[in-house]
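Visitor: I would like to learn how to read helix packing, pockets and cavities in a model. Could you walk me through it?

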Amino acid sequence: MAVKDMLEFADVLRLNLEAAIKEDADWYNRFMPLSQMILELVINRSLIRMIQQVIDEDGSVKDSASSALRKSRDQVRMLEKKLYQLMDSIIRKDMKEASFLEVSNVEGRWCIKSGSNQLTSFKGLLLSSDSGTGSILEPLSAVPLNDELQRARASVAKAEADVLLMLSEKMQKDLDDIEKVLNNVIQLDAINARATYSISFGGACPDLYLPKDMDGYFTVESSEKNDSKASNTFTREWLLYMPKAYHPLLLQQHRQNLQKAQKDAKNATAVSAVEKAHPIPVDLFIDRKTRVLVITGPNTGGKTICLKTVGLNAMMAKSGLYVLSAESAQLPWFDYILADIGDEQSLSQSLSTFSGHLKQISDIRSQSTNRSLVLLDEVGAGTNPLEGAALGMSLLESFADGGALLTIATTHHGELKSLKYSNGAFENACMEFDEVNLKPTYKILWGIPGRSNAINISEKLGLPATIISNARELYGAASAEINEVIIDMERFKQDFQELLYEAQHHLMLSRNLHEKLLLARRKIVEHRSSQRNRKMQEISKAAALARSALHKKVRHLRAYLVKSSEPRKTNKTKLVASDQCPTGDNSGNTTGSRSSTAVEIKTQSPSVRTELPQVGDTVHVSSLGRKAIVLRVDRSKDEIVVQAGIMKLKVKLMDIGT
């Protein structure tokens, strides 16, 4: 049934994927290489149906599996019914004995159990007898039926074995495919478990890369999507970059405590207290040139937690898990992650604490490569401070010279803090300590070493002033000066961080303002374009109206010109004479008693121009009744083109005057 369930699951998974790909072909590439793994599964559906037909849900063989099995089981049921009726009749035969008689089954044989020290009225075989619990007898009348029942049960077992053998032979033919399905389902289950864990804890997909030593810088080759030949080599700014990284076990413990508080608490106060106890993340920013990071700080300050956070997240990334960090986490692919954390003291091997650490570090040094991550907790501890510091410096320098890609070490030795100032492959960091509340903050301060707080803490805890002053004198003026320098560096670091946060805030404001300006500019351009289009539409509309009006005016003018070019009637001069002819006197004057003055009446019209005008001359157009300027002269047609105001028109020479 387990094989059947697995094959059914794989079959349904493949059918669902095929349906998704049929609906959207991009699903195939989106699930690669899992889609290829699932579609390659070979499922024998006839085997699934056969198992369903033969095996019941509880794992037993069904009666319908074979005719022999059905016949044998029917015989068993019949014999058991007969034996039950026989036993019931024997017990009921003597009512006095019925109170202490009961049916029992011994190794598949039906028997009767009697009370202690009681005699039975039936004959039977004594199977067992105990003075305290009574006797078990097999009635003689039940012996043949019990023997036949045993033979029937043996037939049932043989029939079941034949059915299971048939199934086994059927499965044997598909054993390779079934084994491949099993391995693929196991792999898919592991992938699903990693995805479920990563999503439930809100992890980030890490940017893993293979580091290569090229001209002293760590670079990585990356290929563009869908183009295996295209590659681009670029220099990374960080060797390891994990903002707001959490220790996975601390985060899981906090989640369990919160769930328990939400389940058990009667009020919200307890839940709020657990929520405030949320683990504090650490920011891990390691420059690409750094090969050894030295972390210093007080006890219980979180140094070891930092080591384990880096190591566990690196292991999670190698295992296909999301790292418990903010987005854009970046870390190299370490071939080995080697750690010396904790007390390696062993009485059985006669190893002290110091010897145990040395043996562990020696093994790490021999196994590490230039792509390994090495984590060393309290390096150089467990022996004389001067010798331990010297040995620790030598070990770290050997790892910096190519013993590992990245080494992170915690220490209390002040001498190791100075390695940064003599070797560029070293970097310092320290765990911040709240001197006001006398407790660690579990935050990392980068670029500066931790300073000793023991004397200051002792002073604030109320240790006598004489002891404090003597301790400071024994500690030495030089060490005090170093501590003062460290204090100044811490203050400078805090000021720098504040200025950095302020600059980031202003940068964010500037970006927002820049985005708003771009938006306003885009709106202005769109408004200008819309106004321009609107203006052009209005101009086109006005031009169309003007053209229509001009065409109408031109038609009227042409009709007028056609009408005015028809032959005109000649104006005649009429003479008005007197009733009598004129007479003259002796003096030569014309006189008469009744005379009238002859008057010549003429129509007033402008004089007709007989010569052709020239371009640019001003002429009088009779049809318009106004002056116009000659633009063109057509001698063949006796026409000219004139312009009167904004109008241009053709007129005959006879229509113009001087």
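Guide: What follows is a short tour of helix pairs, a pocket and cavities in this predicted model.

Visitor: Let us begin with helix packing. What describes two packed helices?

Guide: Two packed helices are described by the angle between their axes and by how far apart those axes are. Here, take helix H5 (residues 67-93) and helix H6 (residues 143-173): their axes come within 8 Å and cross at roughly 155 degrees. Angles over 145 degrees count as roughly antiparallel, and that makes H5 roughly antiparallel to H6.

Visitor: Is the crossing of H5 and H6 left-handed or right-handed?

Guide: H5 and H6 cross in a left-handed way. On the H5 side, the residues in contact include Leu-69, Val-76, Leu-79, Leu-83 and Leu-86. Their partners in H6 include Leu-145, Leu-149, Ala-152, Val-156 and Ala-159. Charged residues take part too, among them Arg-73, Glu-80 and Lys-82 in H5 and Glu-148, Arg-153 and Glu-160 in H6. By class, the contact between H5 and H6 has 11 nonpolar, four polar and six charged residues.

Visitor: At what angle do H1 and H4 cross?

Guide: Helix H1 (residues 2-23) and helix H4 (residues 45-54) cross at roughly 135 degrees, with axes that come within 10 Å. H1 and H4 are therefore oblique to each other. Their crossing is left-handed.

Visitor: Which residues of H1 and H4 meet?

Guide: H1 brings Lys-4, Leu-7, Glu-8, Asp-11, Arg-14 and Leu-15, while H4 brings Arg-45, Leu-47, Ile-48, Ile-51 and Gln-52. This contact has five nonpolar, one polar and five charged residues.

Visitor: Now to open spaces. How should I read a pocket?

Guide: Start with the volume, then ask who lines it. The largest pocket here has a volume of about 980 Å³. Its lining is made of 28 residues, and those nearest its centre are Asp-283, Ile-444, Trp-446, Gln-497 and Tyr-501.

Visitor: Which elements give two or more residues to that lining?

Guide: They are strands E9 (238-245), E10 (282-287), E16 (426-434) and E17 (439-446), together with helix H15 (477-564). H15 provides the largest share, eight residues. By class, the lining of the largest pocket divides into 15 nonpolar, five polar and eight charged residues.

Visitor: What lines the second largest cavity?

Guide: That cavity holds about 40 Å³. Leu-7, Val-42, Ile-43, Asn-44, Leu-47, Asp-174, Asp-177, Ile-178 and Val-181 line it. Helix H7 (residues 175-200) gives the most, with three residues. By class, the lining of the second largest cavity divides into six nonpolar, one polar and two charged residues.

Note on methods:
Residues are numbered from 1 along each chain as its sequence is written. This is a predicted model: local features need pLDDT of at least 70, side-chain atom pairs count only at pLDDT 80 or more; totals for chains, interfaces and linings use all residues. Side-chain values use heavy atoms; hydrogens and water are left out. Axes are lines fitted to C-alpha atoms, for helices over the stretch in contact, and angles run from 0 to 180 degrees between N-to-C directions. Helices (H or I, at least four residues) and strands (E, at least two) are DSSP runs, numbered from the N terminus. Angles under 35 degrees count as roughly parallel, over 145 as roughly antiparallel, 65 to 115 as roughly perpendicular and the rest as oblique. A crossing is left-handed if the near helix is turned anticlockwise from the far one by less than a right angle, and right-handed if clockwise. Contact means heavy atoms within 4.5 Å. On a 1 Å grid over the protein atoms alone, a cavity is a set of points where a 1.4 Å probe fits but cannot get out, and a pocket is an open set with protein on both sides within 12 Å along at least five of seven lines; lining residues have an atom within 4 Å of a point. Grid points are joined across faces, edges and corners, and a volume is the space filled by probe spheres set on the points.
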